Amino acid sequence: MATPQTSTVKTFCRNCGAQCSMEIDIEDGRMARARPDATASPYGGYMCPKGLAAIDLHNGLEARVLSSLKRTADGRYTAIAAGAALDEIASKLSLLLEKHGPRSIAVYHGTGAYRSVLGGLLERAWVSELGTPNFFSSMTIDQSAKWVTAARLGIMASGKHAMRDADVIMLAGGNPIVSHQGVPYAVSETGAPAKAFEAARARGCKIIIVDPRRTETARFADLFIQPLPGHDAVIFAAIAHALLRDDRIDHAFCERWCIQLEALRAAVAPFPPCLAADRADVPVEQIELAAQWLGNAARPLMGSGTGPSMADHSNLADHMIETVNALIGGYRRAGDPIRNVGTLRPKQTFELAVSPSRSFASEPKCVSQDTGPLMGELPTALIPGEITADHPDRIRALIVFGGDPLMALGDPAVAKSAFEQLELLVSLDCRQNETGGLADYVIGTTQQFERPEITAGGDSMYPLPFAQYTPAIVPPPPGVIDDWEFFWGVAARMGIPLTLKYWQYGLNYAEIAPGMTLGVGEKPDADDMLRFLCSQGAVDFDTLRANPGGIRRENGGGEVLAPPGDGGRLELCPSDVAGELAALACATPETSHRYRLTCRRIAEAVNSAFRDSARARKRHPVNYLFMNPDDMRVDGIDENQMVDIISSAGSARSLARADDRLRRGVVSMTHMFGKLIGSGDPLLDGGANVGQLTSLTHDLQPINFMPRFSAIPVDVRPAIGARHE
Ligand SMILES: Nc1nc2c(c(=O)[nH]1)N[C@H]1C(S)=C(S)[C@@H](COP(=O)(O)OP(=O)(O)OC[C@H]3O[C@@H](n4cnc5c(=O)[nH]c(N)nc54)[C@H](O)[C@@H]3O)O[C@H]1N2
Ligand SMILES: Nc1nc2c(c(=O)[nH]1)N[C@H]1C(S)=C(S)[C@@H](COP(=O)(O)OP(=O)(O)OC[C@H]3O[C@@H](n4cnc5c(=O)[nH]c(N)nc54)[C@H](O)[C@@H]3O)O[C@H]1N2
Ligand code: SF4
Ligand SMILES: [Mo]
């Protein structure tokens with residue numbers, strides 16, 4: 001038997017924002033083994049199970065789209081060459097553009113798109129050239145409450161303290177040990193989060209976690225507050241109340257950078273800690289203690305995950321969390337250290353407030369609702385309305401890039417019937433998901449490991465200055481193309497030359513300089529484009545390429561610079577926020593259902609991705625409905641019993657599982673499992689779509705139209721005649 005050709009290569013994982021460095025053994029052109037690579041990684045050697053699942057996907061252990069597909073008249077899919085599919089798509093888009101203008105074309109940028117650097121940038125380039133305002137992403141069906149807060153409160157451009165510098169940390173409704181979600185909105189370092197929390201504790205940093213579930217992260221908590229879900233707005237209004245009552249605020253910060261302090265004082269007067277304790281069902285001493293620790297902190301760091309951003313009152317909850325942070329001056333100040341100024345795109349940071357933009361009140365507005373852009377995007381929950389609107393500017397073509405919006409939106413009846421009215425639906429994905437199952441074309445794309453990439457996605461989010469380049473380490477299957485080839489190829493066929501630019505949030509693509517002009521004739525080279533993106537970096541492309549384990553810059557830190565001018569002001573309590581607080585103060589408790597269903601994530605999958613991997617399926621044949629064991633006993637529900645979960649918007653069927661980490665009265669279930677509309681047998685469907693319990697017409701937030709994805713009132717009943725052991 002011939003000995004296999006073996007080599008070891010360095011690369012990095014692109015499944016989530018952590019972008020962990022890896023070392024992979026290649027045997028006969030196939031990835032055989034993977035290890036974390038600590039050569040230069042800012043986390044040391046670290047990798048989670050999904051790093052291995054990515055290799056399994058490439059090795060054919062999970063279903064994958066291996067060519068482009070076209071939907072035929074009878075609803076089936078036949079293989080089509082990518083070039084031919086792009087010809088047809090470009091000619092349909094050109095016709096729509098000519099007949100109905102740019103607004104007829106929309107893109108949805110899902111989580112799979114975030115890690116495809118060139119794909120994401122050429123998508124922006126194409127959208128900018130088309131001139132359509134219809135850019136949607138998973139962010140506005142996730143934590144866009146944070147964007148609403150930025151637009152109503154303003155932004156402190158100096159940013160928050162690094163986890164490594166903080167002395168009190170407070171995290172509401174996030175579980176970074178599982179999700180690896182960290183800065184800028186949550187706390188935690190993205191890679192090796194447990195190590196980061198352990199180090200913080202060892203330094204004497206106090207950690208406060210607010211979560212209805214005693215999460216994997218809660219084991220690091222010095223103070224764990226376990227409320228009923230959906231009460232963060234009340235809890236943080238009460239903390240603001242206590243801080244103001246005890247005069248424990250950062251006066252210097254508030255006087256220099258904030259306005260509306262007296263309006264805030266009046267608006268939180270009706271929220272004494274005892275009210276929050278009563279509504280959220282937590283000891284009042286815990287709220288008082290949290291306020292004391294925060295008020296006494298020298299370098300506090302506050303943040304939140306999806307929990308508060310998905311429950312009811314999400315925009316107000318997020319505003320109150322950030323307002324408490326402003327009251328205690330939880331931002332870096334001139335002279336404070338910056339541990340990572342960025343490597344591919346280093347930047348200067350000033351102590352400076354940027355006044356609220358209220359961008360949502362400006363043009364271009366949606367056609368179905370009176371709301372405008374947040375960070376240059378329109379609300380994803382309005383996609384169905386923008387398709388079905390009786391308006392000449394309705395959406396007629398939707399390009400879905402690395403996402404499954406039909407599953408992500410919830411309310412499948414409303415979303416699906418809208419998507420069916422599209423004249424063109426394209427899914428650019430390596431999997432055939434539920435949206436792909438309705439698409440006119442599915443474009444099969446490369447996976448990480450099959451394309452070169454740089455760590456542009458997390459450049460300044462690493463805890464220390466670091467950058468890495470990876471070449472394609474294994475060849476792609478013959479029928480797939482890179483994401484960027486789709487956008488370049490469609491644009492070229494439409495006669496639209498694109499300009500590649502280093503876009504980042506907050507920038508207007510058209511206004512960025514410099515750019516690399518790409519012709520419509522000869523296909524650009526990926527490495528040439530990556531070289532261009534590195535051209536303004538602290539490390540040039542050739543040096544990066546010559547250091548396959550990445551580069552950790554020794555002198556990539558800095559400090560916050562003094563304000564260059566008077567700057568803007570943070571608006572602590574604008575009138576709409578005051579109105580929402582007043583309404584909340586006299587709200588009556590919802591008593592219609594027995595439980596509150598909360599959102600959660602699992603370690604083995606990233607939303608729908610890797611849900612069907614062997615590791616995920618072994619532990620999660622379905623997305624279980626997790627319940628407190630005492631609630632199960634009282635309700636006569638057994639482990640693994642099939643149950644119906646019923647909300648006012650619909651119902652879903654799954655299997656019950658005991659989880660003593662959940663407080664009583666709260667059940668939890670992860671999303672993106674099962675069929676869009678369940679058959680009644682969750683085992684056959686591979687889980688249940690929680691989106692069936694949510695509504696796109698009721699319980700939407702103002703401004704961002706975020707649906708209620710957590711703290712959903714539900715009843716749980718044994719499914720009649722169905723029992724699985
Ligand atoms: N009820 C409820 N609904 C929710 C949530 C919830 O908690 N509860 N969570 C919300 C949140 S936070 C989010 S972010 C959304 C998620 O919404 P989406 O982003 O729409 O869904 P994902 O499942 O993350 O889709 C990622 C897709 O990218 C593909 N992909 C992976 N790598 C690549 C690649 O390199 N190129 C391309 N082209 N595709 C790739 C995957 O195969 C997958 O199909 O759902 C939201 N919806
Ligand atoms: N392994 C894995 N990693 C992921 C993902 C994944 O699916 N799997 N998804 C990625 C995506 S798209 C995102 S957006 C991030 C999300 O990252 P996180 O926000 O950290 O995600 P979760 O683990 O769902 O944490 C949400 C927490 O909020 C709590 N919660 C629910 N409702 C409430 C409430 O009303 N108030 C409070 N205070 N807490 C509440 C839940 O109990 C849960 O512990 O994770 C990313 N990383
Ligand atoms: S934490 Fe896991 S999924 Fe995220 S980059 Fe690292 S190995 Fe990949
Ligand atoms: Mo998300």
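Leaving out neighbours within four places in sequence, Gly44 touches Asp37, Ala38 and Lys195. Contact here means heavy atoms within 4.5 Å. Gly44 sits in the loop between strand S3 (30-36) and helix H1. Helices (H or I, at least four residues) and strands (E, at least two) are DSSP runs, numbered from the N terminus. From Gly44 to Glu27 the separation is 17 residues in sequence and 26 Å in space, C-alpha to C-alpha.

## The model and its confidence

This is a predicted model, in which local features need pLDDT of at least 70 and side-chain atom pairs count only at pLDDT 80 or more, while totals for chains, interfaces and linings use all residues. Residues are numbered from 1 along each chain as its sequence is written, chains are lettered from A and ligands numbered from 1 in the order in which they are written, and side-chain values use heavy atoms, with hydrogens and water left out.

The pLDDT is the predictor's confidence in each residue, from 0 to 100. The protein chain has a mean pLDDT of 96. Of its residues, 99% reach 70 or more. Among the chain's elements, helix H1 (residues 49-58) has the lowest mean pLDDT, at 87. Strand S16 (residues 397-401) has the highest, at 99.

## Domains

The domain assignment gives domain 1 (6-61), domain 2 (68-134 + 396-552), domain 3 (145-354 + 570-580) and domain 4 (591-718). Such bounds come from an automatic or database domain assignment. The C-alpha centres of domain 3 and domain 4 are 28 Å apart. Their contact takes 27 residues from domain 3 and 24 residues from domain 4.

## Ligand 1

Around ligand 1 there are 32 residues. A residue counts as near if one of its heavy atoms lies within 4 Å. Tyr108, Thr111, Asp429, Arg431 and Ser608 come nearest to ligand 1. The shell divides into 12 nonpolar, 13 polar and seven charged residues. In this grouping Ala, Val, Leu, Ile, Met, Phe, Trp, Tyr, Cys and Pro are nonpolar, Asp, Glu, Lys and Arg are charged, and the others, Gly among them, are polar.

Helix H3 (111-114), helix H16 (405-409) and strand S17 (424-429) each supply at least two residues of this shell.

## Polar contacts of both ligands

A polar contact is a pair of N or O atoms within 3.5 Å; within protein, one must be able to donate a hydrogen and the other to accept it, and residues adjacent in sequence count only if both atoms are side-chain atoms.

| Ligand | Residue | Protein atom | Distance |
|---|---|---|---|
| Ligand 1 | Thr111 | polar side-chain atom | 2.4 Å |
| Ligand 1 | Gly402 | backbone N or O atom | 3.2 Å |
| Ligand 1 | Asn607 | polar side-chain atom | 3.0 Å |
| Ligand 2 | Ser179 | side-chain N or O atom | 2.7 Å |
| Ligand 2 | Arg601 | polar side-chain atom | 3.0 Å |
| Ligand 2 | Asn607 | backbone N or O atom | 2.8 Å |

The protein covers 96% of the 920 Å² of accessible area that ligand 2 has on its own. Taken alone, ligand 1 exposes 920 Å², and the protein buries 95% of that. Accessible areas come from the Shrake-Rupley method with a 1.4 Å probe; for residues, only the protein chains shown count as cover.

## Ligand 2

## Backbone details

Most residues other than glycine have a negative phi, and most peptide bonds are trans. Some places here depart from that pattern.

The peptide bond from Val183 to Pro184 is cis, with omega near 5°. Pro184 belongs to the loop between H6 and helix H7 (193-203). Ala513 and Pro514 are also joined by a cis bond, with omega about -5°. Pro514 is in the loop between strand S22 (498-500) and strand S23 (516-518).

Asp247 has a positive phi, near 50°. Its loop runs between helix H8 (232-245) and helix H9 (251-257). For Asp281, phi is positive at about 60°. Asp281 lies in the loop between helix H11 (273-280) and helix H12 (284-296).
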